[in-house]
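Colleague: I am new to this structure and would like to learn how to read its features one by one. Could you take me through a few of them, with the general idea before each case?

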Amino acid sequence: MPYRPVCRPGLGVALVSLSELLTLTSRSFLGSPHRLGFHQIMLVREGQGTYSIDSAPVECRTGTLLWTRPNQVVQFAPSASLEADIIMFTPAFPLPMKAHMGMLDDLLRPSHWQLGDSELAAFQRVLAILREEFERPDQGLGEDLLKHLLAVALLHIDQMCRQRHTEAAPVTGDNGELFLRFRRELDRSYRTTRLVADYAAALSCSTRALARACREVAGTSTKDVIDARVALEARRLLVHTDLPISAIARHLGFTEVTNFGKFFVRRVHTTPGAYRHARTPEHTPA
């Protein structure tokens, strides 16, 4: 059974070590593909292992920081000596933040970083304060304190990203907010439509305004953002389910499996069947 965040009653956040997490679930479960229904930020303290996010393996060691967003498919193969600090929180728990922080909470953006010594020390200080407050008996302001301390942790990640130039410059203003609303609508609707005009209508804006927002925030076209989200889900379903390719095509809104095949080749540069076989050699594509 999938594990769930261990929270104080009424809270949407939890802090555990990997060893504590393993008392709630097994290494075999962590090592099998599964989706999380919450955010999980993990900082490796010692040891080594491989953490796969949407079929992309990440080699972990001391200072590896990973952010898994809701519905991403993950696998984790830690060594017996690996220890990590883990924050788990529901999407509704964090304080509202400016648009550029919403960009960080986007499953199409980077999800892992290797921290330098100074970054690691700074982030560990934040985690220590957050954990101390989490373990303290609530005297009436516990939830507010945890929300603000979690915000500090997320802002540290944002700052590290911008210093490394792996993220675009902070996005603010109307374009940033419009892109955020577009991404939320895309996560709701990518299985039913891939038309730019449909998303603009749902957001009550023009296709030109949506194009400006996507270009400023993501550096690409609205259509490219839509297709990237559909291709991501296609890759997940091909690797982590036994659904026939024809069923995956229908699930993603393609009326003809041949059209899905052409779309997949254009986005991933291989056929759906070849992609599935390369990543699950024991699986015989339908």
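Colleague: Let me begin with Y51: is it buried or exposed?

Modeller: Bear in mind that this is a predicted model. Residues count as buried when their relative accessible area is under 20%, and Y51 is buried because its value is 3%. F76 is likewise buried, with a relative accessible area of 4%.

Colleague: How should I read the two rings of Y51 and F76 together, and how far apart are their centres?

Modeller: A pair of aromatic rings is described by the distance of the centres and the angle of the planes. For Y51 and F76 the centres are 5.1 Å apart and the planes stand at 55°, so the pair is tilted. This pair links distant parts of the chain, since Y51 belongs to strand β4 (residues 49–53) and F76 to strand β7 (residues 73–78), 25 residues apart.

Colleague: What kind of pair do W67 and F89 form?

Modeller: Their ring centres are 6.4 Å apart with planes at 65°, so this pair is edge-to-face. W67 sits in strand β6 (residues 64–68) and F89 in strand β8 (residues 83–89), so the pair ties together parts 22 residues apart in sequence. W67 is buried, with a relative accessible area of 1%, and F89 is buried, also with a value of 1%. A search of the whole structure finds 8 aromatic pairs, and ring pairs also link F254, F260, F263, F264 and Y275 into a cluster.

Colleague: W67 interests me; which residues does S111 contact, leaving aside its neighbours within four places in sequence?

Modeller: S111 is in contact with I53, L65, L66, W67 and R69. S111 is placed in the loop between α3 (99–104) and β9 (112–114), and at 10% relative accessibility it counts as buried.

Colleague: Turning to helices, which residues of α4 are buried?

Modeller: In α4 the buried residues are E119, L120, A122, F123, V126, L127, L130, E133 and F134. They lie on the same side of α4, because they cover an arc of only 165° around the axis. The face turned away from that buried side carries the exposed residues D117, S118, R125 and E135.

Colleague: Finally, how many disulfides are there?

Modeller: A disulfide is a covalent bond between the sulfur atoms of two cysteines. The count here comes to 0. For C205, the closest cysteine sulfur is that of C214, 9.0 Å away, which is too far for a bond. C214 itself is buried, with a relative accessible area of 0%.

Conventions
Residues numbered from 1 in each chain as written. Predicted model: local features only at pLDDT ≥ 70, side-chain atom pairs only at ≥ 80, totals over all residues. Heavy atoms only, no water. Helix = DSSP H or I, 4+ residues; strand = E, 2+ residues; numbered from the N terminus. Buried < 20%, exposed > 50% of the residue type's maximum accessible area, 1.4 Å probe, protein only. Contact = heavy atoms within 4.5 Å. Arc of directions from axis to C-beta. Disulfide = S-S within 2.5 Å. Phe/Tyr/Trp six-rings, centres within 6.5 Å; stacked < 30°, edge-to-face > 60°.
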